[in-house]
Amino acid sequence: MTAQFEYSTLAHPQDIQQLGAIFDQCFVNTLGTEEVYINQVGIENFRIIRHAEQLVGGLATLDMGQWWGGERVPMTGIAVVGIAPEYRGSGAAIALMQQTLKELYARGIPLSALYPAVQGLYRKVGYEQGGSWCNWEVPTKSIQVRGQPLPLQPIASINHQVFHALYQQQARLTHGYLDRHPAIWERLIQPDDKETFYAYFIGTKEKPEGYILFSQHSTEDGAILRVKDWVILTTAAAQTFWSFLASHRSQIEQVRWRSSAIDSLTLLLPEQTAKLKHTMRWLLRVVDVVKALEMRGYPSGIETELHLDIQDNLLDANNGKFILSVANGRGEVTKGGKGELQLDVRELAPLYTSLFSPYHLQIAGKLHGTETAISAATQIFAGSSPWVADFF
């Protein structure tokens, strides 16, 4: 931290108006009402940076969790990183991120994730691509899934508690899914002034096998049904999901939903008519190497060890050689070892999440390792394509 900037974990109420004005200029009203957003996240979760006692920027921290290998790992999401235009290029953003990460390490947080406007800034402090956020689209008339094995029950009182238990069942089994922050739930279930949305349990109220939350929109290209959130826990629920959406074909031209870059739901469709409408990658930062590796789940059928040599230019405790021993789906980390797999903490992120295989990371020049190390890492970090349903 240079002397010209002062980092603070305490945003005073009088700072909020200034911070809201900066966010308004940075994000061009994409947050909705900045004051409402700040209140949803909570003033105590904002971090600010000053120059000569002048507030020049800030960000939000969202403490939640992320599911890796069937285990929940604490993760802090970073959102709305905003710097006043007159201070851009001054080093304020780098200083803000560096101090936030040092704070997270001190608090014992293993992981951090964010959506980048540009990657360069965040790569400088150790973030790298971790997984996908994808929007799919399919013409409603092409779904052609008939038969509805389960009933659909309208949900009259919509609050996130009615969805939470079902969501957690799916999240635990989905590589990269969030254990959502309350502010994410709040924004998900609160419609704006121009939106009406509908919610249904898939199955009976006593034993639902999923849910669907959606809204309908009229556009220049025709009417669109936008699935805001969904959970599907059984084959019958998947069949019912598509059959229900197909039943809207007389009025709705397109259905849009969020899913993995490799979406198994589309296997139920008769033809390859579902297309990726938009995709982007979110970034992950391994904040505490030991905790992140020990808290993650691993394939249960392997017993091996990986000798790592990690470089972290920001957080000294992450530097050095580590042995990751994996057995019975769990990992244990000890200091030392042969250092057979050499990588920067930044490149540990896509390895940790299974976004890229060790072989492909090596080809891209992102890590270096012996044949033994590459083979062990391939077994240890095998997993499905990581994705997140939520933008934050």
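## Arg-256 and its partner

Arg-256 is partly exposed, with a relative accessible area of 27%. Partly exposed sits between two other classes: buried is under 20% relative accessible area and exposed is over 50% (1.4 Å probe, protein chains only). The partner of Arg-256 is Glu-137, and their side chains meet in a salt bridge with an N to O distance of 2.4 Å. A salt bridge here is a side-chain nitrogen of Lys or Arg within 4 Å of a carboxyl oxygen of Asp or Glu. Glu-137 lies in strand S6 (residues 128-139) and Arg-256 in strand S12 (residues 254-259), so the pair ties together parts 119 residues apart in sequence. Strands are DSSP runs of E, at least two residues, and helices are runs of H or I, at least four, numbered from the N terminus. Glu-137 counts as buried, at 15% relative accessibility.

## About the model

This is a predicted model: local features need pLDDT of at least 70, side-chain atom pairs count only at pLDDT 80 or more, and totals for chains, interfaces and linings use all residues. Residues are numbered from 1 along each chain as its sequence is written, and side-chain values use heavy atoms, with hydrogens and water left out.

## Other salt bridges

Side chains of opposite charge can pair when their charged atoms come close. How many salt bridges are there by this rule? The count comes to 13.

One of them joins Glu-71 and Arg-330, whose closest N and O atoms are 3.1 Å apart. Glu-71 lies in strand S4 (residues 71-83) and Arg-330 in strand S16, so this pair ties together parts 259 residues apart in sequence. Glu-71 is partly exposed at 30%. Arg-330 is partly exposed at 35%.

Arg-72 pairs with Asp-179, with 2.6 Å between the closest N and O atoms. Arg-72 is in strand S4 and Asp-179 in strand S8 (residues 178-179), distant parts of the chain 107 residues apart. Is Asp-179 buried or exposed? At 13% relative accessibility, Asp-179 counts as buried. Arg-72 is partly exposed, at 35%.

Glu-340 is placed in the loop between strand S16 (330-335) and strand S17 (341-344). Glu-340 is buried, yet has no salt bridge. The nearest side chain of opposite charge, Lys-338, is 4.3 Å away. For charge, Lys and Arg count as positive and Asp and Glu as negative, while His and the chain ends are not counted.

What does Glu-340 contact, leaving aside neighbours within four places in sequence? Glu-340 is in contact with His-307, His-368, Gly-369, Thr-370, Thr-372 and Ala-373. Contact means heavy atoms within 4.5 Å.
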